[in-house]
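Here is a quick walk through the model, taken chain by chain and then contact by contact. Have the structure open as you read.

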Amino acid sequence: MSLLSVRNVHKHFGGLHALRGVSLDLEEGETVAIIGPNGAGKTTLFNLISCEDSPDEGEIWLDGRRIDGLPPHLAAARGLARTFQNGRVFGNLTVLENVLLGAHTRLRGLTDPGTRPAGAVFSALREIVLGIVQPRRFRELEAELTAEALEILSIFGDRLIPRFHQPAYSLSYANRRRTELARALALRPRVLLLDEPTAGMNPTETDEMTEVILKLQRQGQSMLLIEHKLEMVMAVAHRVVALDAGEVLVSGPPEQVRSDPRLIEAYVGKTADTAPAGAAAAGGTRFGASAALTAEV
Amino acid sequence: MLDQWINGLVIGNLYMLTAIGITQIYGVAGVVNFAHGSIYMFGAYIGWMAITWWGWPLLPAITLVLAGSALLGLLLERVAVRPFARQGSTILLLTTIAAGLILDNAAQVIWGPQTQALRNPLPHWHFRLGNSTVTLLDLFILACGVGTALLLHLFLYRSRAGWAVRATAQDREAALQMGIDAGRVSRLSFALAGAFAGLSGLLVGLYFSNIYPMMGASATLKGTTAALLGGLGNVPGAILGAYVLGIVEAFSVEWLGASYRNLVAVVLLIAVLLLKPRGLLAPRRALNPEPTAGTFIPHGRPLRFPRWAAPAAAAAAFALPLALANPYPLQVLAIGWAFALMAVSLNLISGTTGQISLGHAGFVTLGAYASAIFTSRLDLPFAASLVISPVIAAAIGVLLCYPALRLRGQYLAIATLGLGEAISLIALNWDAVTLGPLGISNIRPPDFFGYELVSPAAQYLLALAILLAGVWIVHRLGRSHLGRALRAVREDEVAARAFGVGLSRYKSIAFGVSAFLAALAGVLLAHSYSYIAPDTFTFALSIQVLTMMILGGRDNIAGAVLGAVLLIALPESIRFLGEYRFILYGLLLIVMLRFRPYGLLNART
Amino acid sequence: MAIKRGPASRIRPAVLSALALMLLLAACGKSSVALTAQGGTGASSPPAATEPVLIGVTGPLTGDNAEYGKQWRKGFDLALEEINGDGGIDGRPLEYVFEDTQSDPKQTPAVAQKFVANPKIVAVIGDFSSPASMAASPIYQRSGLVQLGITNSHPEFTSTGDYIWSNTSNQKDDAPYLAQLAVSRLGKKRLAVLYLNTDWGKTTVDLFIGKAKELGAEIVAQEAYLSNEKDFRPILTKALDAKPDALILISYYNDGALIAQQRQSVGFDETVTVVGIGSIYSPQFIRLGGEAAEGVYTSTRFYPGDPRPEVRSFVEKYREKYGEDPDTFAAVAYDGIKILARVMREYGTERKAIRDGLEAVRDLDTVLYGKASFGPDRRLENPHFVNLIVQNGKFELWQP
């Protein structure tokens, strides 16, 4: 039984058939990379897995339970954490507060909404009272989470630790993305979804992030990531799934996928003659992607 | 029922004019301009002077009105919008409110408060349709409305300047980079909006044959409703929305009675917001677009005070009655504390959780009525009512708000406005429980175990004690995980819910606690005033409380208290200015915001 | 302007807010200091022989109801001219201080405390609307300062206590008289009634309908409208459908004028008579209603052509001073001051004396009521009515 199982999902947006029968599995401890040209449906797929949106057909299973159709906050409670393509930190909150928010679902028993409306009301009231009164065991829990948050931040060396009381909007772009990742880790996710974690980073920052992801891998974190930078994909992924026009084009170990002609065609264009010109013109908007591909080709 | 259809179309005709103006300025500047009604009114007065004092015929008068109102729009832009353009739309809400206040009071000072007659200079040509008469003026108004919509369309879609306007509305930063002078675009938009507003004012004044300084208020409300029905920014939608509103109102009078007219309009508004938030004519959208990276509104950070400051201030406040024998400042501050409680509670929704609420008076009304009914008609002791009334009021409040909580931003704001009005209208019409317009009188003063709190000092201390309890609750919540969750909702709803913060749940929590505290303030006031009626706590109150909160600084409890006390004490202390009082008040508000753009007790970094 | 870090940044905001607080207290305290310097809130030394007697007035000078406050002042000023020209109160001039409350219940209690704390103020007139007036009544009652309401007709207004008085009539009298005009005198049997949905409108309409039915008329339509309503077409259409022979307006002059104007375009013609309650009586009704006001009937307690000497004198002086005819609001304000003046002359100028005087005084000469006294409910009794019709752009006396 896979940890995460996407079975034959379809998604339509008006007339556009964005995902056509996509299936994919993630095993415990695995890192799977999803690649493909822009418009292939990668972020849409992520949105379905994280329950931002729900599939029109098909199912998504996590830990042996169905999650498609759940609201996003319940999916989070089941152990799904994600980062976003544009880096969505909470600007006016400090780095520490951002990370602590990641642990929100772990204030278990406290923030459970319950299933019936009456249960929801009582649990909300209880949460309010606890927020006002803050009994000792509650404060101890907060202290534990804070210590843990600092530990998570240490994964980035001294990039964020000295800044943990600064508001997130004052951070550099790269630090904001790191904060976002730390926040996701605070949830102790069963599956971590990373949407272009190195987008907009320079080569040094990209290398650092790659190291971080490898570290997480060694700790046994199961991850699904969208990436355009193929070097990074090669370095971290156990398997690669390539999407194009809403379908799975090819799937398998990175070496195998990289040299698959169908993939090259999808990125670069149909005939070999136009390949060099195509490499510059077609493909993604990512300078890195085109460069990486031309290097291979 | 031909006659009611015609009635609906005729009044819809009028709504259309203001709706087009409001929707256009919203579409372009992203601002709900609260001074719109004031320019509308000034336009009417300019036209009135031209026609009645100087005897001008209609078309030259209209030209003068267009020019004058456009100038007023430019003035508004220069004084109340441009200096604050970077602070986000909440501050602009406030500055336009202040500007409107100044203009309304200036008009009263210049021309006097009484209603003025405005005779229709058009020939008295008319034709009959069923029992009804349609006049030349009605047709002229229709022509003006449709004409301005067409001209606007041509301008926006066929001219370079119009293209620049649309580009700036979509993305100001990108437009700047393309070499568009965003400042000039802004000026142009406000001039246009001003001109339309002024023209509408004149035409409506002609239709009713009278004008008066406060005529802008209801026009803005109806115009905004019509604009929302059609989708903000959508001009054909505004036209459709206006006629739909007119017809719905005419038939609700027919079937339910004139008192229900506004209530039905409000219910329609809320229904549209919930079902088709982008308006009746909007295409279906897939998903909300992602915000571009780096866009967010800074709140400023609260000023740091030494730890002894708050307890010292509280102690000083408690000691005040000992130092002051004069009951007048004690009375002013007693009311100030009640308003501080309202401001602190609104701050929880708007400052901490980031949901703009324009219907806060509704919660106050619920609490006031609950306690009045419990103590006067059911004979409950005050102490019991003090606890039970806010609970009941909060429960009702949350229940009413719950469906609207999934709305975003300005749509939620409008829905809350509608709910506040609805509560007031229900209080007016539900005679059996609330005694309708008669209100509930002879409400007993607060008493504990037989001891009545009637002296100004006693009422002051009671209000202060309750305020401090409320402040403590909100402070504790703010420091807890709950505060963190609420702020996450404010900062980024999508990210918040991706980490387990269920939006409806946490917004309900914020609204619930806030409603509880606001209702508590309502209980205090009901027992202090001894008489409440449906119009005791109005929309104007909601705006006043919002002003206090923003002035003090968002997400800043001390700021909310300070803002409330200042804005209650300020008009009292400048009483000697008589009629000019509120002009100075509006100016001071704008000046304070200019120097402390994040609020009095918030600062950059 | 960046705020520097460090200990200085902590002190500065603290200083700022301390300053603000001091300013605030100073502003409020200014009045208190000034007042307490003059003898405190309780017993004071007897005033000098020429020191003015002060009446406090609370009412709307700005805001939605400002025009009524303005009318009040005209009445007050005229009355004061007369009184002070006639020796004032035992040689002391009578004056008033008008605090603007915008008829807002949030502001009236504060002003009430201000007046209570000022020993020079011996009686208070105000406020305009019932919520505003009644929010302050408990304060006046507790502190023993007379509150004379001149335009609030809420039935419970005077019930707060024995310091709360009113020289407006209870609708007990106005409404039935109007019913008599419409049904008995004008012979109308099918009445469509439009009324303002306020405490005043509601109590009045209930009394009107009770009497009208008693006299044998049928109420074919009864519609309440909100006070800020401007568009009356739908409600008029509904009334027209009921085929009335009279349109009864329980309105003020602004809304009354609008209704009169809009009725023609909805299909009403001259066969349906319009009869309005006395509060439509005002030159404004004609000014705003224009031609549509022709043929409208009303009954009022006060009419400029009334031959009674007190009315003649009031109207002439008003016309001379202001160049227009007075309306009910100016008249009731004039009466209010004159009533207080008479009580002060006969019973003294201390607060309690004024209260006792109001109870004891008999046969006040009022413009609105003729000779009247306060009843046990602390309202004036014995109102006097005339029937009027609008003809040729003026209100004329109507006698069948």
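Chain C carries twelve helices and 14 strands. Keep in mind that this is a predicted model. Of the 400 residues in chain C, 56% count as buried. Take the contacts in chain C with a separation of 6 or more: 69% of them link residues 24 or more positions apart.

Which helix of chain C is largely enclosed by the rest of the structure? That would be helix H3 of chain C, residues 108-117, since ten of its ten residues are buried. The buried residues of H3(C) include Pro109(C), Val111(C), Phe115(C) and Val116(C). Gln113(C) and Lys114(C) are on that buried list too.

Overall, the model scores ipTM 0.87 and pTM 0.86. For chain C, the pLDDT averages 84, and 87% of the residues score at least 70. Residues 1-20 of chain C have a pLDDT below 50, and beyond near neighbours in sequence that stretch has ten contacts in the model.

Residues 25-44 of chain C also stay under 50 in pLDDT, and here the model has 28 contacts beyond four places in sequence. Where pLDDT is low, the predicted coordinates should not be read in detail.

## Who touches whom

Two pairs of chains touch, and the one with the most contacts is chains B and C. Chain A and chain C have no contact joining them, and their closest C-alpha atoms lie 14 Å apart.

Chain A does meet chain B: 38 residues of chain A are in contact with 31 residues of chain B. On the chain A side, the elements giving two or more residues are helix H2 (72-77), helix H3 (95-102) and helix H4 (117-133) of chain A. H4(A) supplies the largest share of that side, six residues. By class, the side of chain A that touches chain B has 18 nonpolar, 13 polar and seven charged residues.

## A look at Pro72(A)

Pro72(A) sits in helix H2 of chain A. Is Pro72(A) buried or exposed? Pro72(A) is buried, because 24 other C-beta atoms lie within 10 Å, and 20 or more is what it takes to count as buried.

Leaving out residues up to four places away in sequence, Pro72(A) touches Ser50(A), Cys51(A) and Glu52(A), along with Arg497(B) and Ala498(B) from chain B. Asn47(A) is 25 residues from Pro72(A) along the chain, with 9.5 Å between their C-alpha atoms.

## Two crossing helices in chain B

Now for helix H14 (residues 360-377) and helix H21 (residues 503-529) of chain B: their axes come within 7 Å and cross at roughly 55 degrees. That angle makes H14(B) oblique to H21(B). As for the hand, the crossing of H14(B) and H21(B) is right-handed.

Which residues meet there? From H14(B) they include His360(B), Phe363(B), Val364(B), Leu366(B), Gly367(B) and Ser371(B). Across from them, among the residues of H21(B), are Ala515(B), Leu520(B), Gly522(B), Val523(B), Leu525(B) and His527(B). By class, the contact of H14(B) with H21(B) has 13 nonpolar and six polar residues, and no charged ones.

Technical notes:
Residues are numbered from 1 along each chain as its sequence is written. Chains are lettered from A and ligands numbered from 1 in the order in which they are written. This is a predicted model: local features need pLDDT of at least 70, side-chain atom pairs count only at pLDDT 80 or more; totals for chains, interfaces and linings use all residues. Two residues are in contact if their C-beta atoms, placed from the backbone, lie within 7 Å. Helices (H or I, at least four residues) and strands (E, at least two) are DSSP runs, numbered from the N terminus. Ala, Val, Leu, Ile, Met, Phe, Trp, Tyr, Cys and Pro count as nonpolar, Asp, Glu, Lys and Arg as charged, and the others, Gly among them, as polar. pLDDT is the predictor's confidence in each residue, from 0 to 100. A residue is buried if 20 or more other C-beta atoms lie within 10 Å of its own, exposed if 12 or fewer, and partly exposed in between; C-beta atoms are placed from the backbone. Axes are lines fitted to C-alpha atoms, for helices over the stretch in contact, and angles run from 0 to 180 degrees between N-to-C directions. Angles under 35 degrees count as roughly parallel, over 145 as roughly antiparallel, 65 to 115 as roughly perpendicular and the rest as oblique. A crossing is left-handed if the near helix is turned anticlockwise from the far one by less than a right angle, and right-handed if clockwise.
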